[in-house]
Amino acid sequence: MELRQPPSAPTDITYGGYLQLDRLLDCQQPLSDTHDELLFIVIHQASELWLKLCLHELEAARTAIVEDRLGLAFKMMARVARVQTQLIQSWDVLATITPADYSAMRGKLGSSSGFQSAQYRALEFIMGNKNADMIAVHERDPAVHAMLAAAAATPSLYDETLRLLARRGFAIPADHLDRDFTQGYVASAAVEAAWREVYAQSERHWDLYELAEKLVDLEYRVQLWRFGHLKTIERIIGFKRGTGGTAGVPYLARVIDQVFFPELLTVRVAL
């Protein structure tokens, strides 16, 4: 048998060329002459790169759940959890901007706001927090608007998890398996009962039990990220309105109350 050598990389490729560093490092274009604006830009651009990776992994994990390849899904979900740790820690760096530092640059930001992050919205959608009103802000960008509309109409991680439970023989209500996925998820006593059986007989349903805990871990870290966002904004601008027109800290406080996988929280009371 002839052994073929793997294709070799181009001999002229460089570290900077492979990573396109000339383009990447030219993307930071401060609009003011304040020292801290570069930090503000880098934190948000780095966060968008991490979000891109999270979406890449979660979309693949969702496909793996559909295919009942849970081991593969677990690897991807565990990776996202580590990325979420990086995102959470980024608030510590951003919080080194003082109120005076931020005030000096804020006028240059116009109406731009993290509220407008299409990738963050897509992450919320794949996690299951569907809200069609959140797409409207992107109407001026048809490609982004179409991407978010498609993401809103696609079953979330939890939707596909419930379909998997049904295929495994659990009594999941039909209206939770085939529904308008652009609408927010509504908790079900029957779904909670299914999870109660998984948790009560974890050795028998070990992979489903592990899947449930991976989902809980994702939600836990999203909530930590949200809380870090809230406290960082509170520290820097207090209770001023956000640049995107939101109520600022009060709006972020309400967001923390939003949950993705309600039965995975309520089942803990029932156990």
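For my own bookkeeping: Ala, Val, Leu, Ile, Met, Phe, Trp, Tyr, Cys and Pro count as nonpolar, Asp, Glu, Lys and Arg as charged, and the others, Gly among them, as polar. I'm working from a predicted model here.

**Second largest pocket**

I looked up the second largest pocket and got about 240 Å³ of space. I sorted its lining residues into 6 nonpolar, 2 polar and 1 charged. I noted Leu 24, Leu 25, Cys 27, Gln 28, Val 42, Gln 45, Ala 46, Leu 49 and Lys 52 along the lining. Which helix gives the largest share of that lining? I found helix α3 (residues 37-66), with 5 residues.

**Cavities**

I then counted cavities of 30 Å³ or more and got 2. For the largest cavity I have a volume of about 80 Å³. I listed its lining as Leu 51, Gln 84, Leu 87, Tyr 120, Leu 123, Arg 221, Val 222 and Trp 225. I see two or more of these residues coming from each of α4 (70-94), α6 (118-127) and α10 (206-237), and the largest share, 3 residues, from α10. My tally for the largest cavity's lining is 6 nonpolar, 1 polar and 1 charged.

**Surface patch**

Next I went to the surface, where Ile 13, Tyr 15, Tyr 18 and Leu 19 make up a nonpolar patch. I read about 490 Å² of accessible area for the four together. I placed Leu 19 in the loop between α1 (15-18) and α2 (21-24). Why do I call Leu 19 partly exposed? Because its relative accessible area is 37%, and partly exposed runs between the cut-offs of 20% for buried and 50% for exposed.

Technical notes. Residues numbered from 1 in each chain as written. Predicted model: local features only at pLDDT ≥ 70, side-chain atom pairs only at ≥ 80, totals over all residues. Heavy atoms only, no water. 1 Å grid on protein atoms, 1.4 Å probe; cavity = no way out; pocket = protein on both sides within 12 Å on 5 of 7 lines; lining within 4 Å. Points joined across faces, edges and corners; volume = space filled by probe spheres on them. Helix = DSSP H or I, 4+ residues; strand = E, 2+ residues; numbered from the N terminus. Patch = residues over 30% accessible without salt bridge, like charges linked within 9 Å, V, L, I, M, F, W, Y side chains within 5 Å. Areas by Shrake-Rupley, 256 points an atom, 1.4 Å probe, with all protein chains shown as cover. Salt bridge = Lys/Arg side-chain N within 4 Å of Asp/Glu carboxyl O. Buried < 20%, exposed > 50% of the residue type's maximum accessible area, 1.4 Å probe, protein only.
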